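Subject: Structure handover

Hi,

Here is the structure I promised to pass on. Please have a look at it first, and then read my notes below.

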Amino acid sequence: MPILNPTRRKAIFYGFLPLIALYLLYNFKLRHLIPAITTWPTQRRIVADLSDIARHRIMPWSVEHESDEFWEDEGEHVEDSVATRLPFSRHIVAVGDLHGDLPNARKVLTFAGVLNERGDWSGDVDFFVQTGDIIDRGDDTIPLFFLMERLRAQAAEVGGTVLSHLGNHEWMNAIGDWRYVYPSELKTFGTIAARQRMLTTGRIGRAWAQNYTTASRLPLHPSLGPPNTPYPPQHMSINFQKEESSTEFEYHPSSSDRMSHAALSFVHGGLSPTYGNLSPFPTKINELSDSLLAKLQQRPQPPPHPPHPYPGLPHGTTPEEAHLYDANGPLWYRGWATEPDEVVCAQVNEVLAKTGTRRMIMGHTPDFHNIKSRCNGKIIIIDTGISHAYGGVLSALSIHYTLRPIGDDASNRWIEREVVSALYHDRRDVIVTDEREVVGEFDHDYS
Ligand SMILES: *[C@@H]1O[C@H](CO)[C@@H](O)[C@H](O)[C@H]1NC(C)=O
């Protein structure tokens with residue numbers, strides 16, 4: 001490079017300033033660029049473009065001294081890059097009825113990737129969901145509930161989440177209906193009174209009250225809020241933020257509506273189409289669940305049935321709380337498993353629309369061979385009789401959700417993909433693969 005006199009150097013310096021300003025303006029106009037400015041491809045792009053222009057327009061004499069190949073290569077990468085919008089993925093694993101079998105539960109959680117080889121939270125899944133009925137029919141009640149709390153704490157440390165549900169058997173035990181309590185299981189608590197204490201004011205009872213719900217709604221994408229964000233949303237605007245004063249953004253209600261149902265519901269029995277408290281979901285169900293559980297745990301514990309008479313629900317139970325526990329309520333309903341396809345597939349869309357979900361996932365009604373998918377994966381029944389009490393198959397449900405940008409950033413187009421599979425100890429069956437295009441701004445950092 002020739003040696004420049006001070007005047008020329010000054011001229012070059014001032015020549016650069018408007019260019020830098022132009023580049024900044026150009027870039028700042030693009031959404032999302034500011035965080036991405038620190039990412040490697042964007043930095044390279046700016047450096048490449050600035051240098052290129054500087055070398056060709058301001059310092060043409062410098063071009064002939066070096067090869068241009070490096071910069072030309074970079075220029076080609078720039079054309080088709082979508083560097084400023086990042087892809088998103090979320091992995092969910094759900095497991096059904098465990099019924100007192102710790103070894104089988106461990107096996108399932110290990111092949112599903114929830115546990116590592118040391119039996120701790122692996123960090124490989126984002127959400128682990130259990131749909132209730134951990135208690136009864138086996139002896140491992142205590143270690144199973146303790147395992148769930150240990151996993152919940154370990155998961156939270158690395159940004160994972162455990163979602164736990166009360167099944168009809170947890171409720172039966174809270175009521176004093178102990179028909180399925182094995183004598184050997186009772187021994188692990190010591191006495192009847194010790195078991196009653198543990199399930200009310202003790203570690204297990206407190207965990208039920210604090211960390212278990214009867215239903216949940218799990219959004220697939222964080223822009224829809226954290227788990228159990230009520231549907232319909234209280235503030236629609238938090239979900240689809242329209243950038244202020246942007247003329248480029250086009251609101252696509254159809255795509256956004258589809259995104260608004262990008263969620264799953266979990267419940268032990270099933271969400272009956274005629275159950276009265278589906279909305280707002282899952283808030284209404286869980287409020288009733290909390291208040292009924294508190295009444296059960298606070299009453300003087302009735303002597304267990306059998307041999308004593310069935311104690312029933314406590315005095316002061318409201319009609320709505322009673323419906324929560326009846327045959328058409330979310331803990332006992334079996335219609336999604338037992339009714340024929342014509343019936344369930346005609347009913348399912350209405351329930352999905354009401355609960356703001358795409359699929360409903362439940363346990364309770366075992367199929368001893370397979371996880372059962374109905375109506376193209378809108379209904380998924382995951383109880384396969386995992387406990388040795390049933391001798392069914394070991395299984396888990398796995399859902400991989402991804403959202404990946406396509407086209408240029410201004411178009412806001414994404415490909416949304418859900419791969420739902422049934423995992424068994426020796427194989428993986430894909431139940432459904434759904435792919436669709438959605439348009440919108442989806443902030444992955446929302447939490
Ligand atoms: C509920 O979960 C939280 C988070 O892991 C934990 O700190 C708390 O002890 C749990 N509650 C009970 C009663 O186990």
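Let's start at the ligand: the shell of residues around the ligand splits into three nonpolar, two polar and three charged. For those classes, Ala, Val, Leu, Ile, Met, Phe, Trp, Tyr, Cys and Pro are nonpolar, Asp, Glu, Lys and Arg are charged, and the others, Gly among them, are polar. Before you go further, note that this is a predicted model, in which local features need pLDDT of at least 70 and side-chain atom pairs count only at pLDDT 80 or more, while totals for chains, interfaces and linings use all residues. Residue numbers start from 1 along each chain, as its sequence is written.

So which residues sit around the ligand? They are Glu 149, Arg 152, Ala 153, Ala 156, Arg 206, Ala 207, Gln 210 and Asn 211. Two elements, α7 (141–157) and α11 (203–211), each give two or more residues to this shell. Helices (H or I, at least four residues) and strands (E, at least two) are DSSP runs, numbered from the N terminus.

Now for the chain as a whole. The protein chain has 16 helices and 12 strands. Among contacts between residues at least 6 apart in sequence, 74% join residues at least 24 apart. A contact here has the two C-beta atoms, placed from the backbone, within 7 Å.

Back to α11, which packs against other helices too. α11 and helix α13 (residues 283–298) pack at about 160°, with their axes 10 Å apart. That makes the two roughly antiparallel. Axes are lines fitted to C-alpha atoms, for helices over the stretch in contact, and angles run from 0 to 180 degrees between N-to-C directions. Angles under 35 degrees count as roughly parallel, over 145 as roughly antiparallel, 65 to 115 as roughly perpendicular and the rest as oblique. α11 passes α13 in a left-handed crossing, where the near helix is turned anticlockwise from the far one by less than a right angle (clockwise would be right-handed). Gly 205, Trp 208 and Ala 209 of α11 meet Leu 293, Ala 294 and Gln 297 of α13. By class, that contact has four nonpolar, two polar and no charged residues.

With helix α10 (residues 192–200), α11 packs at an angle of about 25°, and the axes are 4 Å apart. α10 and α11 are therefore roughly parallel. Their crossing is right-handed. Met 198, Leu 199 and Thr 200 of α10 make the contact with Arg 203, Ile 204 and Gly 205 of α11. Three nonpolar, two polar and one charged residues take part in it.

Most residues other than glycine have a negative phi, and most peptide bonds are trans. Where do we find cis bonds here? One runs from Phe 281 to Pro 282, with omega near -5°, and Pro 282 is in the loop between β6 (263–267) and α13. Another joins His 305 and Pro 306, with omega about -15°; Pro 306 is in the loop between α13 and α14 (319–324).

As for phi, Arg 137 is not a glycine, yet its phi is positive, about 70°. It is in the loop between β2 (127–130) and α7, and is buried, with 20 other C-beta atoms within 10 Å. His 364 also has a positive phi, about 80°, without being a glycine. You'll find His 364 in the loop between β7 (359–362) and β8 (372–374); with 26 C-beta neighbours inside 10 Å, it counts as buried.

Phe 266 is in strand β6 and counts as buried because it has 31 C-beta neighbours inside 10 Å. Leaving out residues up to four places away in sequence, Phe 266 touches residues including Ala 94, Val 129, Leu 163 and Ile 361. Val 351, in helix α16 (residues 341–355), is buried too, with 23 other C-beta atoms within 10 Å. With that same exclusion, Val 351 touches Leu 271, Pro 273, Leu 278 and Met 360.

Cheers

Notes. A residue is near a molecule or strand if its C-beta atom, placed from the backbone, lies within 6 Å of it. A residue is buried if 20 or more other C-beta atoms lie within 10 Å of its own, exposed if 12 or fewer, and partly exposed in between; C-beta atoms are placed from the backbone.
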